[in-house]
Number of protein chains: 2
Amino acid sequence: MEEAAGERTNLAGVRHILLVLSGKGGVGKSTISTQLALALRHSGRRVGIMDVDLCGPSIPRMFQVQDSDVHQCDSGWVPVYVDQDKSISLMSIGFLLEKPDDAVVWRGPKKNALIKQFVADVAWGDLDFLIVDTPPGTSDEHISTVEALRPHKLLGAILVTTPQAVSVGDVRRELTFCKKTGLRVLGIVENMSGFVCPHCSECTNIFSKGGGEELAKHAGVPFLGCVPLDPQLSQSSEEGRDFIQDFPKSPAFPALAHIAQQILDGTSQQSS
Amino acid sequence: MEEAAGERTNLAGVRHILLVLSGKGGVGKSTISTQLALALRHSGRRVGIMDVDLCGPSIPRMFQVQDSDVHQCDSGWVPVYVDQDKSISLMSIGFLLEKPDDAVVWRGPKKNALIKQFVADVAWGDLDFLIVDTPPGTSDEHISTVEALRPHKLLGAILVTTPQAVSVGDVRRELTFCKKTGLRVLGIVENMSGFVCPHCSECTNIFSKGGGEELAKHAGVPFLGCVPLDPQLSQSSEEGRDFIQDFPKSPAFPALAHIAQQILDGTSQQSS
């Protein structure tokens, strides 16, 4: 396959590419990627998700499509559609493993090669947004993804953090990564901000609160909002349900809808 | 420096080496590593921590020693002592960065070289336990660490998970990593199991419950225990306080003490 030609062809129909980053793992990057895709779909957009978390792919399970296979067409790999309307397409290493429990014990060069293939050889078709979910850190996957996507319509990165100081420290490092690689920061999302007890309705800031907003102010980047810790959201992610459709009364819903709206506003300003 | 000779000399006084692993990030590997070190110290053991999470080092901050520097002696780097008694020593890339916000934008080979140095060139002295805190995944850092430590007294790995299915799936991958690399699994710890509301004392399983125990049964490896989600524990980690000393009444305390005891029982059986 001619890679350079493939690269130009396969991402030509993609209008905006968004990276979801966080120095730290377990802060909800995949949950935010998934819910953001759903929120953008609810606004009538066609969305793709490229999962470059090669050692811990979790998006296929979140959409309950972990048993799907990737097929080949003339222009490359056909991504997996997560719904019947084919409004969300997904590419993940999870679809390429023989058994879902297989460990991807790969050093950098092998990971870099697969990421190049994800960028060049997936037949994404026409998309309003391609959301790229990344693993924790600032290493091979991140460098290779940014390098491979740079010639395309790379809008920028959303940084996800939890409110603790340790996690905020990792995002601070991710900010310097963005600066070093010339990647625009679209904003910071603070996830798991507070837990509202379903028994007594009192809110406890399990992981403390406000670190994300403070960091955004300090770094001079937009703060996109707090998403509260919500057992319905984590259950919904686990069961592959459409959270935004199922739980419009959850405290996490307006937060997620607001984040999606800001992305839409940003891109419509850009195109106008 | 002669690497092979250094390797033999610098880990010669270390009796047991433990890896703390998890496929997924943010499940509390660093918290469990830190608290386990403190619990073992309370039992009179000398403990070292080797932090090989090169892109997101969080242990220095958990002990409030992030501003310390590493010095050189004849036999290599002197680790940082986290207390006046010098009963816990720590080596982390955090001590080698000019600014703590610096992003370590390194590809695999550079990371592998530093891990080899951490194994060969740190003057650990006499230790009962060396705890190795790892980044999420099953990639360069993990392969290099296991390879470099294999000639030494590598006891095995503790796998940390949260109860959600997604996290449990990542640990399942980590189990196949252990099998592939011949690393003994000492047991599984389920972290953040339930949240006891401080207002009404009702317990909510924010991230569901029981996944870790089920996985341990299924895989035929020991289940070391559940550590409940405890705001005091996360605050204590953040402020670098000795949780086990400060909060003996916290629901997380007996869980952590029990895990440490099982490690001690396992090693005393081994030596008898």
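Mentor: One term to begin with: buried means under 20% relative accessible area, exposed over 50%, and partly exposed in between, with a 1.4 Å probe and protein chains only. Helices (H or I, at least four residues) and strands (E, at least two) are DSSP runs, numbered from the N terminus. This is a predicted model, where local features need pLDDT of at least 70 and side-chain atom pairs count only at pLDDT 80 or more, while totals for chains, interfaces and linings use all residues. Residues are numbered from 1 along each chain as its sequence is written, chains are lettered from A and ligands numbered from 1 in the order in which they are written, and side-chain values use heavy atoms, with hydrogens and water left out.

Trainee: Which residues of α5(A) are buried?
Mentor: They are A:Asp140, A:Glu141, A:His142, A:Ile143, A:Ser144, A:Thr145, A:Val146, A:Ala148 and A:Leu149. That is nine of the 10 residues of the helix (residues 140–149), so α5(A) is largely enclosed by the rest of the structure.

Trainee: And α4 of chain A, how many residues does that have?
Mentor: Helix α4 of chain A (residues 108–120) has 13 residues and reaches 18 Å from its first C-alpha to its last, close to the 18 Å expected at 1.5 Å a residue. The expected span is 1.5 Å times one less than the number of residues. Its buried residues include A:Lys111, A:Asn112, A:Ile115 and A:Phe118.

Trainee: What is A:Lys111 in contact with?
Mentor: Contact means heavy atoms within 4.5 Å. Leaving aside neighbours within four places in sequence, A:Lys111 is in contact with A:Leu54, A:Trp106, A:Glu141 and B:Ser139. Why does A:Lys111 count as buried? Because its relative accessible area is 3%.

Trainee: Over to chain B. At what angle do α4 and α5 cross there?
Mentor: The axes of α4(B) (residues 108–120) and α5(B) (residues 140–149) cross at roughly 30° and come within 9 Å. Axes are lines fitted to C-alpha atoms, for helices over the stretch in contact, and angles run from 0 to 180 degrees between N-to-C directions. The contact involves B:Gly108, B:Lys111, B:Asn112, B:Ile115 and B:Val119 of α4(B), and B:Asp140, B:Glu141, B:Ser144, B:Thr145, B:Ala148 and B:Leu149 of α5(B).

Trainee: Where is B:Gly48?
Mentor: B:Gly48 is in strand β2 (residues 47–51) of chain B, and is buried, with a relative accessible area of 0%. B:Gly48 and B:Trp124 are 76 residues apart in sequence but 7.2 Å apart in space, C-alpha to C-alpha. Beyond four places in sequence, the contacts of B:Gly48 include B:Ser89, B:Trp124 and B:Phe129.

Trainee: New topic: what is the phi of A:Lys86?
Mentor: A:Lys86 has a positive phi of about 55°, although this residue is not a glycine. Most residues other than glycine have a negative phi. A:Lys86 lies in the loop between β5 (80–81) and β6 (88–92) of chain A, and counts as exposed at 54% relative accessibility. In chain B, phi of B:Lys86 is near 55°.

Trainee: Last one: where is A:Gly28, and is A:Gly28 buried or exposed?
Mentor: A:Gly28 lies in the loop between β1 and α2 of chain A and counts as buried at 13% relative accessibility.
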